[in-house]
Amino acid sequence: MNAAGPGRIVEVNGPIVTVNLPQVTIGEQVRVGELALVGEVIERDGERAVVQIYESTESLAPGQTAIPLGHPLAAELGPGLLGNIFDGLQRPLTKILELSGDRIARGLTVAPLDRARQWHFEPAAGLGAGSTVAAGAVLGTVPETETIIHRILVPPDVSGVLVNLAPAGDYNVEQVIAQVRDGDRVEHPLKLYHRWPVRTARPYGRRDQAGVPLITGQRVLDTFFPLLKGGRAAVPGAFGAGKTMVQQQIARWSNAGIMIYLGCGERGNELVEILETFPQLTDPYTGRLLMERTLLVANTSNMPVVAREASIYMGVTLAEYYRDQGYDVVMVADSISRWAEALREVAGRLEQMPVEEGHPAYLASRLATFYERAGRVQTLAGGYGSVSLIGAVSPPGGDFSEPVTSHTKEIVQTFWALSKELADARHYPAIDWTESYSGYVDTAANWWAENVDRHWSARRAEALSLLLQSDELARIVNLVGPEALSPAQRWVLEGAALLKEGLLQQSALDEVDSFCSPDRQFTLLDLLLDLYHQGRNLIDVGVPVQRLLQLPVLGRARRAKSVYSNGQMVELRAFAAEVRDAFQPLHLEYASTRENSA
Amino acid sequence: MREKDYRLSSAVRGGLLFVRGVPGVALGDRVAVRDHAGRIRNGQVIRTSDEVVLVQVFEGTDGLDLERTWTRFLEQPFEIGLSRELMGRIFNGVGQPRDDRPPLVSGIRRNVNGSPMNPVARTRPREFIQTGISTIDGLYSLVRGQKLPIFSGPGLPHNRLAAQIVRQSRIIGAQARFAVVFAAMGVSYADARFFQEDFERDGVLGNVVMYINLADDPTIERLILPRTALTAAEYLAYDLGMHVMVILTDITNYAEALREVAMARGDVPARKGYPGYLYSDLAEIFERAGRIRNRGGSITMMPVLSMPSDDITHPIPDLTGYITEGQIVLSRELHGQGIYPPVDLLPSLSRVMKDGIGAGETREDHPRVANQIYASYARAIEVRNLASIIGTEDLSETDRQYLEFAKLIEKRLVTQGEDEDRSIVETLTIAWQLLSLLPPDELTRVREADLAKYHRREQSAEVP
Ligand SMILES: Nc1ncnc2c1ncn2[C@@H]1O[C@H](COP(=O)(O)OP(=O)(O)OP(=O)(O)O)[C@@H](O)[C@H]1O
Ligand SMILES: Nc1ncnc2c1ncn2[C@@H]1O[C@H](COP(=O)(O)OP(=O)(O)O)[C@@H](O)[C@H]1O
Ligand SMILES: [Mg+2]
Ligand SMILES: [Mg+2]
């Protein structure tokens, strides 16, 4: 794109500014007014262009200048992203704090990547002057954090012959580390970073089948409604139902290679929570600080809406970039509804025809395009990487039939529906086992069978069916009372209650239970089902439910999740054995009564 | 130069003036509108092009005609003056005195819109505020810098509760410098008077700044009033280092004013006629609560809103709940039973209490006790619903204990006097007395050690 000469502002309507710039293209960045506020062209109409401005437009006036910048909103991709927090335009918020204090001043331009910092670059083995490099090939590596090796890639739109490649050594991101001559004999100087327009998906070799579950350490997610690495999930729920907690738990405990936390139109304090707690937390898989593999993109609810709209693309572009380096990247986005509202606000200002609840007709397609950027791929460099997208949805009034929830439902494979009723009863995570689903269960089952226990699939199905049976029976009880139930049916209610308390409920604030390893997840599931079956057998021989409820192991089983940590599997298994034995005396007692009466 | 010019407007509609032929007016600028009687009204530019400028008039456009209304563009943003002399004063929504005293003389001027706080400048709210109210302290603890609204309805005692919180709130052990910013939008004269007298009786009037827009004052002024009030609160908190409690009442009147202007502008409605930007607009207000790293002061915010038709899914409570850090929901049913404060335990929530309670803050068992009360009460309500269908005869022994538990929670823990200031230890003691009504095996949210220490089965009989 070629930058044209300056134009002038014609109209200012909230974040929407109309300028008379005849030659700009859609998506092009434009700088307006005395404060040099930046925005992007979203409509062209003859001589005029409509620009959505990323910052508050207060004090802009018709007549002020508008300068086209000749390029679209792009991310800087290179070392120094991890551990950082950026706004939706990739401005580093810590730098902004240094520059403008507690409040974000307008019109600041700050480079996303630190220009002064030196990185140790190690060229890839076997590469040198004369080598042919394809787009996306790995030129070398930089240790970005203690755990994360940053692979320096040839930009996806460059390929050719290496004219030269820098030797191992320390470089800043602006230094040229390679020259590539392309087929047209144009030379491209390559640095440790390159830019990529955020609204364009980064290319890859080919799509690959996602096959491995993302382990989040949350039982109701992993055991009941699994997500695969490279999958798409949604977490819808009314306010206070627990969307943010679910996403923060995933950000803390999942076995992702890289974690991107996108705060999109939500609370500032929730980001602070991550910034203040993550540096103290260690990754359960690597033992390293969580912050080393995490980066945050934040456009809180009080920050301008247009940058909020852009932020999800910024986030997913950063995700794709690490995917292209061969990582399994997870991005949690809280909340996609706030992004949709930003879109709606702009559409409204443009007087576009609203279709549902004020949302524009293109809501569904934009949502789909965004989620389409998730997936497991073979990268241009030949390795494998994935982007998993997990979006919170905040339906107005908690009503899942509203547009954002219903369109999302058509796109995602894993749907973690949060229930207001469960949350009100403090059943956390409030994931509703009847409303939620996962299209990945069969694939996940293979992994669990190979890595944890071959009975996983059967046990999971059994537990779900017990929960559903119990819901059915609870409806009957609510109509005619518990007396209508047989002892076996009453035991179903007790068994389900045991599963809810001992397995499904998992407090994020419980130090022992906040993360549950797959092994412990299965052991608890197995133990509780075993308990149910043992009791069921006794009921068949005439033991009253009341007698069973008096068994002290029941209370202990409900608490087992908080008593036996991931490191105490031996003790947990010993307890499971104890559970089996606890029923023995009753068995003997009733078996003998039967014999006597016979 | 334009500043001197008075202009005629070309149209007037629903609080908005349309002025033609003044190119180059900046968005957000202040406007002085002189009406036929020579009185000046305050306006702000909300849309601007070379052809037409749209002005929102805070005093409303009632009585304005096109022939004798003159508009002057002041070429300055909407700012208010600030100084220590704020304290004890009463203003209207645009910061003009309402107390027959002279305007503030001040060098410091701030834009009422503020500018967004950088999230990395924040620090998490984490200091427990003892309000002396058991439901709040025990179950939905308020912490410094939190935004915790009261969801109420007409006829419910939200004002009495808010006043009691203001009166009794203090941070255990610390006698910090505090201030109250009271922002009233569209409230009745009686309600405004109630607060004023309460502050007076309490002897804190000198620490209170009031921004008042009464029910018969212009509605559009309600749009700027919370912004003006929060600009003052920010000055008190971050310039003067005070701990500020902001009461915003009633958010519903604010949102209705916003809807009115949105309609007049022809904005696309989202739900129930409210514009799609209601969420972001409310967030601009509510997110001004908080704490800033390395700053002494804080802004704790308690918005009050009435839920239209007691419907918590109505856009106003709904969007508020999505932004604030919890909510205290009042129940008409409990109120009908004469219970004060009628806090509805299940839908109420405090999201940031976890950082402000427990060992070192309140008491080590506090988080688990709170959890146990919610869980047991939720169970008890289930039993109560069941009993209302099948009667109590068929209930198990344990279920009957739950019924008793629910009743006593409402009577002993929830109910308290308007002047009753309970310490957190008293609250926790009551909580354990009530939990002791239930068999220890039912109490899985607390630890075995908690049970050993606090669960007193034998005492449960003594609970009146
Ligand atoms: N090709 C590009 N793609 C995306 N963003 C770009 C591109 N070129 C420049 N930018 C953005 O524009 C900013 C300014 O770039 P640069 O410093 O190269 O331009 P400039 O013409 O020197 O601007 P200035 O007048 O502000 O100094 C960069 O920091 C970057 O954010
Ligand atoms: N897994 C959990 N463990 C413990 N508490 C939880 C859990 N999930 C939610 N909560 C509680 O619910 C509150 C609201 O959760 P949050 O995730 O902020 O809701 P949402 O984002 O849906 O509005 C939290 O502050 C916390 O008290
Ligand atoms: Mg430059
Ligand atoms: Mg949330």
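1. Before going on, a word on conventions. This is a predicted model, in which local features need pLDDT of at least 70 and side-chain atom pairs count only at pLDDT 80 or more, while totals for chains, interfaces and linings use all residues. Residues are numbered from 1 along each chain as its sequence is written, chains are lettered from A and ligands numbered from 1 in the order in which they are written, and side-chain values use heavy atoms, with hydrogens and water left out.

2. Back to the surroundings of ligand 2. The site is shared between chains, because residues from chains A and B surround this ligand. There are 14 residues around ligand 2, and the closest are Gly240(A), Lys243(A), Thr244(A), Met245(A) and Arg351(B) (a residue is near if one of its heavy atoms lies within 4 Å). By class, that shell comprises 7 nonpolar, 5 polar and 2 charged residues (Ala, Val, Leu, Ile, Met, Phe, Trp, Tyr, Cys and Pro count as nonpolar, Asp, Glu, Lys and Arg as charged, and the others, Gly among them, as polar).

3. Now for ligand 1. Arg31(A), His71(A), Pro72(A), Ala74(A) and Arg195(A) are the residues around it; 2 are nonpolar, 1 is polar and 2 are charged. A nitrogen atom of ligand 1 is 3.1 Å from a side-chain N or O atom of His71(A), and a nitrogen atom of ligand 1 is 3.3 Å from a side-chain N or O atom of Arg195(A). On its own, ligand 1 has 610 Å² of accessible area, and the protein covers 37% of that.

4. In chain A, 74 residues are in contact with 77 residues of chain B (heavy atoms within 4.5 Å). The two chains bury about 6300 Å² between them, 50% of it on carbon and sulfur atoms (accessible area, 1.4 Å probe, lost on being put together and summed over both parts). On the chain A side, Arg103(A), Phe239(A) and Arg426(A) lose the most area to chain B, together 14% of what that side buries.

Definitions and conventions. Polar contact = N/O pair within 3.5 Å; in protein donor to acceptor, adjacent residues only side chain to side chain. Areas by Shrake-Rupley, 256 points an atom, 1.4 Å probe, with all protein chains shown as cover.
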